[in-house]
Amino acid sequence: MAKKINDLSSLGGFVFSTNKDFELDNQQESTETLAPNKQQLEAHLDKKNRAGKVATVIKGFVGTDDDLKELGKMLKTKCGVGGSAKDGEIIIQGNFRDKIMEILQKEGYKVKRVGG
C-alpha cells in the first residue's frame, strides 16, 4: 500500500516542479572572510561530550572554510596541541583560552571571553 503524503516535509526536501523554464541555480554563495578587526570572536571552555576533558572553543568566525582552517592551524601550532576547525568553530584541546585570546588580539581580532 502506498504511503500517503500529508505535506511537503514528507517528501524529505524533494519538490516537484511543472515549470518547463525552471533552471536550478546551483551556485553557492561564497562567504568572504571579514578582516580581523571586524571579526567578533568568542572564546569558550567546553567539557560536554568530551569524556570530561576540557577544550577551548572559538566561535563566531565569518569567512571561508579554508581561512577558518588556516586560523585553526596557526592556533594549534602556537599552543602545541591538537584540535579541529569546522562548522564555523575552532576547537583546541585543553584549557588555552587566555593564551588563544592573547594570540588572536595580537593578530587584530576582537575576542570576548564567554563563561567562567
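Colleague: Leaving aside neighbours within four places in sequence, which residues is His 44 in contact with?
Modeller: Keep in mind that this is a predicted model. In it, His 44 is in contact with Ala 55, Thr 56, Val 57, Lys 59, Arg 97 and Val 114, once you leave aside its neighbours within four places in sequence.

Colleague: And where does His 44 sit?
Modeller: His 44 is part of strand β1.

Colleague: Is His 44 buried or exposed?
Modeller: Buried, because its relative accessibility is 14% and the cut-off for buried is under 20%.

Colleague: Which side chain does His 44 join in a polar contact?
Modeller: That would be Glu 42: a polar contact of 3.1 Å joins the two side chains.

Colleague: Okay, let me zoom out. How many helices and strands does the chain have?
Modeller: There are two helices and five strands. Going along the sequence, you read β-β-α-β-β-α-β.

Colleague: What share of the residues is buried?
Modeller: Of the 116 residues in the chain, 22% are buried. The chain exposes about 9000 Å², and carbon and sulfur atoms supply 48% of that.

Colleague: Let's look at helix α2. Which of its residues are buried?
Modeller: Arg 97, Ile 100, Met 101, Ile 103 and Leu 104 are the buried ones. Looking down the axis of α2, you find these buried residues within an arc of 165 degrees, so they line one face of the helix.

Colleague: And what covers them?
Modeller: The cover includes strands β1, β2, β4 (89–93) and β5, along with helix α1. Arg 97 also turns up in the contacts of His 44.

Colleague: What follows α2?
Modeller: Gly 108 does, and its phi is positive, near 100 degrees.

Colleague: Which other residues have a positive phi, glycine aside?
Modeller: Asn 49 is one of them, with phi near 55 degrees. Ala 51 also has a positive phi near 55 degrees, and it isn't a glycine either.

Colleague: Where are those two?
Modeller: Asn 49 is in the loop between β1 (40–46) and β2 (55–59). Ala 51 lies in the loop between β1 and β2 as well.

Colleague: Are Asn 49 and Ala 51 buried or exposed?
Modeller: Asn 49 is exposed, at a relative accessible area of 82%. Ala 51 counts as exposed too, with 79% relative accessibility. The cut-off for exposed is over 50%.

Colleague: Switching to charges. How many salt bridges are there?
Modeller: The structure holds four. Among them is the one where the side chains of Lys 78 and Glu 107 meet, at 4.0 Å from N to O. Lys 78 is in helix α1 (residues 65–79) and Glu 107 is in the loop between α2 (97–106) and β5 (110–113), so this pair ties together parts 29 residues apart in sequence.

Colleague: How exposed are Lys 78 and Glu 107?
Modeller: Lys 78 is partly exposed, with a relative accessible area of 44%. Glu 107 is partly exposed as well, at 40%.

Colleague: Which residue does Arg 113 pair with?
Modeller: Arg 113 forms a salt bridge with Asp 98, and their closest N and O atoms are 2.5 Å apart. Arg 113 belongs to strand β5 and Asp 98 to helix α2, so the pair ties together parts that are 15 residues apart in sequence.

Colleague: How exposed are those two?
Modeller: Arg 113 is partly exposed at 41% relative accessible area, and Asp 98 is partly exposed at 47%.

Colleague: What about Lys 106, which residue does it meet in a salt bridge?
Modeller: Lys 106 meets Glu 102, with 3.7 Å from N to O. Both lie in helix α2, four residues apart, which is about one turn of the helix.

Colleague: Are Lys 106 and Glu 102 exposed or only partly exposed?
Modeller: Lys 106 counts as exposed, at 67% relative accessibility, whereas Glu 102 is partly exposed at 44%.

Notes: Residues are numbered from 1 along each chain as its sequence is written. This is a predicted model: local features need pLDDT of at least 70, side-chain atom pairs count only at pLDDT 80 or more; totals for chains, interfaces and linings use all residues. Side-chain values use heavy atoms; hydrogens and water are left out. Buried means under 20% relative accessible area, exposed over 50%, partly exposed in between (1.4 Å probe, protein chains only). Accessible areas come from the Shrake-Rupley method with a 1.4 Å probe; for residues, only the protein chains shown count as cover. The arc is that of the directions from the helix axis to the C-beta atoms. Contact means heavy atoms within 4.5 Å. A polar contact is a pair of N or O atoms within 3.5 Å; within protein, one must be able to donate a hydrogen and the other to accept it, and residues adjacent in sequence count only if both atoms are side-chain atoms.
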